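Please consult the sequence and the three-dimensional view alongside the text.

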Amino acid sequence: MEDLNNKAKQLLESGAVKVVIGYGKGTGDTRRPIFVRAAEHTGDLVFDAACTQNLATYLTKAEVRAMGKMAIVAIPSTLRSILQLAAEKQLREENVLALTVLDGSLRELATFAAIEETVATIPDAISNADQQMIDKLTAMSVSERRAFWAAELNRCVKCYACRSSCPMCYCERCTMDSNRPQWIPVASHAVGNLEYHMVRAMHLAGRCVQCGTCGAACPVGIPVHLLTIFAEGTVRQHFGQKGGASAKLDYAMTTFKPDDKETFIR
Amino acid sequence: MADAFEPKMTAFVCNWCTYAGADLTGTSRIKYQSNVRVIRLPCTGRIDFMMVMKAFSRGSDGVIISGCHPNDCHYTSGNYHARRRWMVFRDLMDFMGIDLRRVTFSWVSAAEGAKWAELVNEATNTVRALGPYKEIQQLTAVGID
């Protein structure tokens, strides 16, 4: 952590970056995102096991970009998000610098190639709890799953925190906000809620880095991240390509192979 | 099911193959069940998964999605893109508890009038046996539309 503070200080003092996006102390033991713009505030930066939010979502926000070159304190999922954003031409190499702590030592990753290299060494696995939930759900019958999601999504208030917290949900015009045609009713209602979460998962399939930040952001505790993790999982299984692995690869749903294998089309 | 439930089927078809195929079914005087409402779209690549969800929330009991066989796409690759999307969408529908027996995917070419009739009959019979799609319709009944 000392290293991180010093590095951030040095970067800001030299003018190499204009803002450091990192974690600060939140309420109690929680951590919250902070944007450090002056060298004297780098002492506010914190990095420990409680830093779990994927901060990459701020990299595409106009307000943050307007500050100038960004350095970001990155956990593994943040690095993956950076690569996916780069692959989708949402991020320029010269505008971002990742600071990541691996095996107790601070690394400064200035190029996408360096990030790719680092990401390749980190095993990506979803948490045991999430895997167990997905296994439990897939073992259920369709009507049980329907009941499970109906009960969960019934609590959804359509605050769109899952959308806002997601690094990959950067569209300025979202399907959700479209009112001509209105695909999804604005009100928080059982039918629209089901569709909203389906759209979110479909739009993230092949791009999701499975960080789980959407689920953590949900104020009513719906495990919405299971949907995106599942959708991403099906893409990996069918097409052998995963989100956030490369800064160059087209994502799986915008390409195809003539010999894609399915079993259900008659 | 004795009280004659007739399912509402929505078919999303592409302009170049399945729509022409369905037309051939008619010109060949092949009879098939009239439960289906055909919606013609330029290409299967245009069939947004939201259309399927909209069909269900607006009262469809079953959906048929059909287009050109691989390699036959008028726009060369629309059906390949669609196929990828369906593969993921179908798994996701299943994961979210949508009954997959109500959604039929197919390739029907402009020469396969008989296949279209068979497909519609089969899908309609399946859905008729399942009954109305209460799980979704209950939701719509209480709220906004």
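## Helix α8 of chain A

Is α8(A) mostly covered or mostly exposed, and how many of its 15 residues are buried? α8(A) is mostly covered, with 14 of its 15 residues buried; a residue is buried if 20 or more other C-beta atoms, placed from the backbone, lie within 10 Å of its own, exposed if 12 or fewer, and partly exposed in between. The helix comprises residues 190-204 and reaches 21 Å from its first C-alpha to its last, close to the 21 Å expected at 1.5 Å a residue; the expected span is 1.5 Å times one less than the number of residues. After α8(A) comes A:Gly206, whose phi is positive, near 90°.

## Basis of the model

This is a predicted model, in which local features need pLDDT of at least 70 and side-chain atom pairs count only at pLDDT 80 or more, while totals for chains, interfaces and linings use all residues. Residues are numbered from 1 along each chain as its sequence is written, and chains are lettered from A and ligands numbered from 1 in the order in which they are written. Helices (H or I, at least four residues) and strands (E, at least two) are DSSP runs, numbered from the N terminus.

## The sheet of chain A

Chain A has an open sheet of 5 strands in the order β2-β1-β3-β4-β5, with mixed pairing; two strands pair if DSSP finds at least two bridges between them. The edge strands, each pairing on one side only, are β2 (31-36) and β5 (105-109). On average, neighbouring strands are turned by 30° against each other, direction ignored.

β1(A) and β2(A) run antiparallel and are joined by 6 bridges, with A:Val20 partnered by A:Val36. These two strands form a hairpin with 5 residues between them, and A:Gly28 in the turn has a positive phi of about 60°. By contrast, β1 (residues 19-25) and β3 (residues 70-74) of chain A pair in the parallel sense over 3 bridges; here A:Ile72 in β3(A) is the bridge partner of A:Ile21.

## Packing of two helices

In chain A, α5 (residues 128-139) and α10 (residues 225-239) pack at an angle of about 75°, with their axes 11 Å apart. Axes are lines fitted to C-alpha atoms, for helices over the stretch in contact, and angles run from 0 to 180 degrees between N-to-C directions. α5(A) and α10(A) are therefore roughly perpendicular to each other (65 to 115 degrees; under 35 counts as roughly parallel, over 145 as roughly antiparallel and the rest as oblique).

A:Asp130, A:Met133 and A:Ile134 of α5(A) meet A:Leu226, A:Ile229 and A:Phe230 of α10(A), contact being defined by C-beta atoms, placed from the backbone, within 7 Å. The residues of this contact divide into 5 nonpolar, no polar and 1 charged. Ala, Val, Leu, Ile, Met, Phe, Trp, Tyr, Cys and Pro count as nonpolar, Asp, Glu, Lys and Arg as charged, and the others, Gly among them, as polar.

## Contact between the chains

Chain B places 32 residues in contact with 32 residues of chain A. α3(B) provides the largest share of the chain B side, 13 residues. That side divides into 16 nonpolar, 7 polar and 9 charged residues.

## Backbone exceptions

Most residues other than glycine have a negative phi, and most peptide bonds are trans. The bond from A:Arg180 to A:Pro181 is cis, with omega near 5°, and A:Pro181 lies in the loop between α7 (161-165) and α8 of chain A. A:Lys158 has a positive phi near 50° and is partly exposed, with 16 other C-beta atoms within 10 Å. B:Arg29 has a positive phi near 60° and counts as exposed, with 7 C-beta neighbours inside 10 Å.

Definitions and conventions. Two residues are in contact if their C-beta atoms, placed from the backbone, lie within 7 Å.
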